[in-house]
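Reader: I would like to learn how to read pockets, cavities and ring pairs in a model. Please take me through one case.

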Amino acid sequence: MSVLDEIVAGVRLDLDRRASQTPLADVRAALADVDPPRDPMPHLRAPGSSVIAEVKRRSPSKGDLAAIPDPAVLASSYAAGGAAAISVLTEERRFGGSLADLRAVRAAVDVPLLRKDFVVETYQVLEARAAGADLVLLIVAALDDETLRRLHDEVRELGMVPLVEVHDEAEAERAVDLGAELVGVNARNLKTLEIDQDTFGRLAPLLPDDRVKVAESGVFTPVDVKRHVAEGARAVLVGEALVRDGDPEAAVRAMTGVES
């Protein structure tokens, strides 16, 4: 069993627990009380690099990264630094996140929010919108074609934007066939947790120019951002480097607007 398989198995157990506590009908009903989704695409399509700044306590590969006692404070720093969107890890077992983090960040900032999790069921898509998410991560490696397309359509039907994540050539082809507008290329192989810094440069040419390409993992400095922008990235998703930086606002600002 790969690392990804183990993570998804845990996600399904936690999902079953939440669904037993809060029926799907109640989650649907909560959508009526949420503000309309914020559209991140104009910012992400703008010239220069955009930053999707991540609230991330820990990871399977690095362990604990930062305590983050108040995710709203960190998110406010990201917003002040010019983040185009803020990613909030909501997976509990491996990343130490929660939907409570997403709701806390939503209450604190006005920028678009990404629910970053291992989304495998409709229930999670509805949870994301009910908690105030504007984007939802869909990991191609974790989904068969039928489920990927269904979840992609459901995210869009709720007015949110799917960030479709790939990490090899076959997955890039699946994302293109899906019609994904926003495609994240993850340098980290979620099946082994190894990083290949050349992944984005290798896969970006396989994605049409009208797709917004996001470089994920292994982005630590403005130099890294500049390299990926030169390879076709319109945005970078950065977590570890920001949560460990003593001045996350300045760190986001330094990575924003970088040109090739």
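Author: Start with the second largest pocket: 17 residues line it, and Arg18, Thr22, Leu99, Arg103 and Glu127 lie nearest its centre. Its volume is about 270 Å³. This is a predicted model: local features need pLDDT of at least 70, side-chain atom pairs count only at pLDDT 80 or more, and totals for chains, interfaces and linings use all residues. Residues are numbered from 1 along each chain as its sequence is written, and side-chain values use heavy atoms, with hydrogens and water left out.

Reader: Which elements give two or more residues to the lining of the second largest pocket?

Author: H1, helix H2 (24–30), H5 and H6 do. Helices (H or I, at least four residues) and strands (E, at least two) are DSSP runs, numbered from the N terminus.

Reader: How is a pocket told from a cavity?

Author: Rolling a probe the size of a water molecule over the atoms shows where empty space is left. On a 1 Å grid over the protein atoms alone, a cavity is a set of points where a 1.4 Å probe fits but cannot get out; a pocket is an open set with protein on both sides within 12 Å along at least five of seven lines; lining residues have an atom within 4 Å of a point. Grid points are joined across faces, edges and corners, and a volume is the space filled by probe spheres set on the points. Here there is one cavity of 30 Å³ or more. The largest cavity has a volume of about 60 Å³.

Reader: Which residues line the largest cavity?

Author: Val11, Asp14, Arg18, Thr90, Glu91, Glu92, Arg115 and Asp117. Helix H1 (residues 3–21) gives the most, with three residues.

Reader: How do I read an aromatic pair?

Author: A pair of aromatic rings is described by the distance of the centres and the angle of the planes. Rings of Phe, Tyr and Trp (its six-membered ring) pair if their centres lie within 6.5 Å; planes under 30 degrees apart count as stacked, over 60 as edge-to-face and the rest as tilted. The count here is one aromatic pair. The rings of Phe95 and Phe118 have centres 6.0 Å apart and planes at 35°, so the pair is tilted.

Reader: Are Phe95 and Phe118 buried or exposed?

Author: Both are buried (under 20% relative accessible area; exposed is over 50%, partly exposed in between; 1.4 Å probe, protein chains only).
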